[in-house]
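Welcome to the tour! Open your viewer, get your selection tool ready, and follow along stop by stop.

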Amino acid sequence: QNVFSKDEGSVAAPTAGLHFTEPMIERLLPFSSFLTLHVSAGTFKPIEASSIEDHEMHSETFACSKVEVMRVVEALEAGKDILAVGTTSARTLESLYWIGASMILEGRRGTHLGQFDCYGLASSHGGSLPSASSALSVVASQAQ
């Protein structure tokens, strides 16, 4: 495990931040937001289908507090860059965006996101999609 890992539930330890030193982490903390993606064993399942559409993806769960989502929204609205440390962080941020986009564009409720939902959403709306800050704000407004 690395210094970021604190919640149990993932089958894989986060590795993207292993090169971060304690002094570096201390300097980054004031600018950081935290989220959790519980990586499932399906992440390591080889693709055996001849067509990617026939490959059954696993499901994963994530957690990100309303406060943390709003910190990202505020950074986006201030024109700041968002740096996801690792693919699990990037996948979680992408999922939050697509969940919010589907809430805005299709009135969807809930946080389940299917394997190809984002592609259908983008094509059905002609590529006209909400901003990241708008999508994440909607997700945060639905949080308890």
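One definition before we start: Ala, Val, Leu, Ile, Met, Phe, Trp, Tyr, Cys and Pro count as nonpolar, Asp, Glu, Lys and Arg as charged, and the others, Gly among them, as polar. What you see is a predicted model, in which local features need pLDDT of at least 70 and side-chain atom pairs pLDDT 80 or more, while totals for chains, interfaces and linings use all residues. Residues are numbered from 1 along each chain as its sequence is written, and side-chain values use heavy atoms, with hydrogens and water left out.

**Stop 1: the cavity**

Select Leu35, Cys64, Glu68, Val69, Val72, Leu93, Leu96 and Leu136, which line the largest cavity. On a 1 Å grid over the protein atoms alone, a cavity is a set of points where a 1.4 Å probe fits but cannot get out, and lining residues have an atom within 4 Å of a point. The space in this cavity is about 30 Å³; a volume is the space filled by probe spheres set on the points, which are joined across faces, edges and corners. Which classes make up the lining of the largest cavity? There are 7 nonpolar, no polar and 1 charged residues. Helix α2 gives the most, with 3 residues.

**Stop 2: α2 and α5**

Now select α2 (residues 66–77) and α5; they pack at an angle of about 160 degrees, with axes 9 Å apart. Helices here are DSSP runs (H or I, at least four residues), numbered from the N terminus. Axes are lines fitted to C-alpha atoms over the stretch in contact, and angles run from 0 to 180 degrees between N-to-C directions. The two helices are therefore roughly antiparallel, a label for angles over 145 degrees. Show Lys66, Val69 and Leu76 of α2, which are among the residues making the contact, with Leu136 of α5 also included. Contact means heavy atoms within 4.5 Å. The residues of this contact divide into 8 nonpolar, 2 polar and 2 charged.

How values were computed
Angles under 35 degrees count as roughly parallel, over 145 as roughly antiparallel, 65 to 115 as roughly perpendicular and the rest as oblique. On a 1 Å grid over the protein atoms alone, a cavity is a set of points where a 1.4 Å probe fits but cannot get out, and a pocket is an open set with protein on both sides within 12 Å along at least five of seven lines; lining residues have an atom within 4 Å of a point.
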